[in-house]
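Work through the exercises below with the structure at hand. Each task is followed by a solution in steps.

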Amino acid sequence: MGAEQPETIAAIVAAHRAGIVTPAQTIARTYQRIRDHNDPALFISLRDEKDAVAEAERLAAKDAAGLPLYGVPVAVKDNIDALGFPTTAACPAFSYTPTHDSTAVERLRRAGAIIIGKTNLDQFATGLVGVRSPYGIPRNSIREDLIPGGSSSGSATAVGAGLVPLSLGTDTAGSGRVPAMLNNIVGLKPSLGMISTAGLVPACRTLDCISVFALTVDDAALALSVMAGPDQADPFSRDRPLGALTPFPAGLRLGVPRAGQLIFFGDKKAEAAYADALKRWTSLGATLVEFDLEPFYETARLLYEGPWVAERYLVIKNLLASAPDTIHPVTREITAAGARLTAADTFSALYRLQGLRKIAERTFANIDALVLPTAPTAYTTAQVLANPIELNSRLGTYTNFVNLLDLCGLAVPAAMRADGIPFGITLLAPAGRDALLASIGRVFHADTKLTVGAKGVPLAPLAAHGDDAIPIAVVGAHLSGMALNGELTALNGKLIEATRTTPDYKLYALQTTPPKPGLLRVEAGKGASIELEIWSLSSSAFGKFVNAIPAPMAIGTVRLADGRCVKGFLVEPEVLGEARDITSHGGWRKFMAESATG
């Protein structure tokens, strides 16, 4: 894994579990990349490198198989509490030192993640542009003249630039989706209440979500699975079980706006990119169904023209009264309007919203998800600074209504335009359909053949999921980093875990080219526990793989130390007369390493 190349969570965890790279080496490389990237506006606070490396070294004592984010470096938006860092919400006068982690961060750490820093944002998470911070404007990872997108600017650019494979943002009006598009990465906005907001500085408490930025949909879905779940500390938490990723469903129906309803503000390249994305969905097997977008636009207008601005005002009213000059002027202008709203305004808007929610319910009665542009266009920093409120509002055209209507969302890269500006689409569905969005979004993203983030690295082939996935245990030349591992990766195989057999096996070095071991089941108590890896293949790939296996290798049932049984490599016993018993090494990787040094 080279110095410039971003890696996915899946690649990092697989390398750690296989012993190819240590978590400490990954963390050290992360800090080197941060130094090389040299953007002082990206992190508001960065953890001491020695402290982070020491935590990574301590992970070695834990069971890697039980840590889905084993040694993964993570950045956190600086309106989310993380122990050891101040929480600023990009306002130094507001800053405080939390006494414990937010629930989301605590769950990431428990899964083996290492928090390395707090990222810049539009102050108090008010904005979709990323230019409203006293800590500067983070550089867009794709094109430096473009805005980074907000409010989760630092978190999105950190993933786009390949500094970390995972970051947390927040999303009230689109802050987890717009910056994802502008940095050519995935932005996952979960159903309301799925991730606890305990330890989050609110923007609008009734609408806030903690969101996920990653290079791939699979990575984002994994992070969501780690953080999802009810939390007694958050009164807005909901018990929303997260379903499993599945193969692309037959009969998928996607909603697209009626002719003439889409708005691109004159951006013909964005309009063409969206049309191309719809053709891609059709080629993947989806049926496109027209729906009326106007009620969704009306809902979007409620967010900033209605009483929800008062929620933003509540967060900073004391600061507005005592030290208004410490607040960014644009943020101050938007938020101060919340003080003038009446209870009658609020109830009037709530009644209208309830009517709009019913219209949305009917829209989804025969549609699985909507597919919309993530944003209608993209702007440069200079354009936004010259016209800060109007251009920011335009960017929320397809995002501002989502949380008001209790929808989940997934922003996925769709194209890289000829002018070097990324374009993305967002899938939207009623709360609870998060797994469906991930299951279809991952297939669309893979089909684009786009590189991930800003570093020009190809998207890895999709691994099998759901009913189509078959695990296979490998013990020798097919292990990650070994001579024949390419046979698995060429079939889109995915490393699931590193584990061991029951102590009832012997391992032999066979006289083959390239060198391979043979695994043989023996009488209970006569063998040892042998290290192996479990990979996942689609059913068709599994068939191709097994069909190509030469004698004396065979596929049989391998018993694992935890009691599971999986299909895996075994050896035909009649060839073992000339083979060397290497059981005492405990696994092929250790035998090969000792042979090389011996």
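A residue is called buried when its relative accessible area is under 20%, exposed when over 50%, and partly exposed in between, using a 1.4 Å probe and protein chains only. This is a predicted model, in which local features need pLDDT of at least 70 and side-chain atom pairs count only at pLDDT 80 or more, while totals for chains, interfaces and linings use all residues. Residues are numbered from 1 along each chain as its sequence is written, and side-chain values use heavy atoms, with hydrogens and water left out.

**Exercise 1. Ile 142**

Task: State whether Ile 142 is buried, partly exposed or exposed, and find what Ile 142 is in contact with.

Solution. 
Step 1. Helices (H or I, at least four residues) and strands (E, at least two) are DSSP runs, numbered from the N terminus. Ile 142 sits in the loop between β3 and α5 (153-160).
Step 2. The relative accessible area of Ile 142 is 23%, so this residue is partly exposed.
Step 3. Contact means heavy atoms within 4.5 Å. With neighbours within four places in sequence left aside, the partners of Ile 142 include Leu 182, Asn 183, Met 416, Pro 422 and Ala 454.
Step 4. Between the C-alpha atoms of Ile 142 and Ala 161, which are 19 residues apart along the chain, the separation is 8.0 Å.

**Exercise 2. Ser 480 and Cys 565**

Task: Classify Ser 480 and Cys 565 by accessible area.

Solution. 
Step 1. Ser 480 lies in the loop between β14 (469-474) and α16 (485-489). Its relative accessible area is 7%, so Ser 480 is buried.
Step 2. Beyond four places in sequence, Ser 480 touches residues including Ala 18, Ile 20, Glu 533, Trp 535 and Arg 589.
Step 3. Cys 565 belongs to strand β20 (residues 565-571). At a relative accessible area of 44%, Cys 565 is partly exposed.
Step 4. Cys 565 touches Thr 557, Val 558 and Arg 559, again not counting residues up to four places away in sequence.

**Exercise 3. Cysteines**

Task: How many disulfides does a search of the whole structure find?

Solution. 
Step 1. A disulfide is a pair of cysteine sulfur atoms within 2.5 Å.
Step 2. The search finds 0 disulfides. Cys 91, for one, is in no disulfide, and the nearest cysteine sulfur, that of Cys 204, is 17 Å away.
Step 3. For Cys 408, the closest cysteine sulfur is in Cys 209 at 9.6 Å, which is too far for a bond.
Step 4. Cys 91 is buried, at 0% relative accessibility. Cys 408 is buried too, with a relative accessible area of 0%.

**Exercise 4. Helices α1 and α4**

Task: Which residues of α1 and of α4 are buried?

Solution. 
Step 1. In helix α1 (residues 9-18), 8 of the 10 residues are buried, so the helix is largely enclosed by the rest of the structure. They are Ile 9, Ile 12, Val 13, Ala 14, Ala 15, His 16, Arg 17 and Ala 18.
Step 2. Just after α1, Gly 19 has a positive phi of about 80°.
Step 3. In helix α4 (residues 103-110), Thr 103, Ala 104, Val 105, Arg 107 and Leu 108 are buried. Their cover includes β2 (73-77), β3 (114-119), β4 (166-171), β6 (209-214) and α7 (217-227).

**Exercise 5. Nonpolar cores**

Task: Which residues touch the most other members of the largest nonpolar core?

Solution. 
Step 1. A nonpolar core is a set of buried Ala, Val, Leu, Ile, Met, Phe, Trp, Tyr and Cys residues joined through side-chain atoms within 4.5 Å.
Step 2. The largest such core has 132 residues, and Trp 281 and Ile 425 touch the most other members.
Step 3. Among the residues that Ile 425 touches, not counting those up to four places away in sequence, are Tyr 274, Trp 281, Leu 372, Val 412 and Phe 444.
Step 4. A second, separate core has 37 residues, including Leu 519, Ile 534, Leu 560 and Trp 588.
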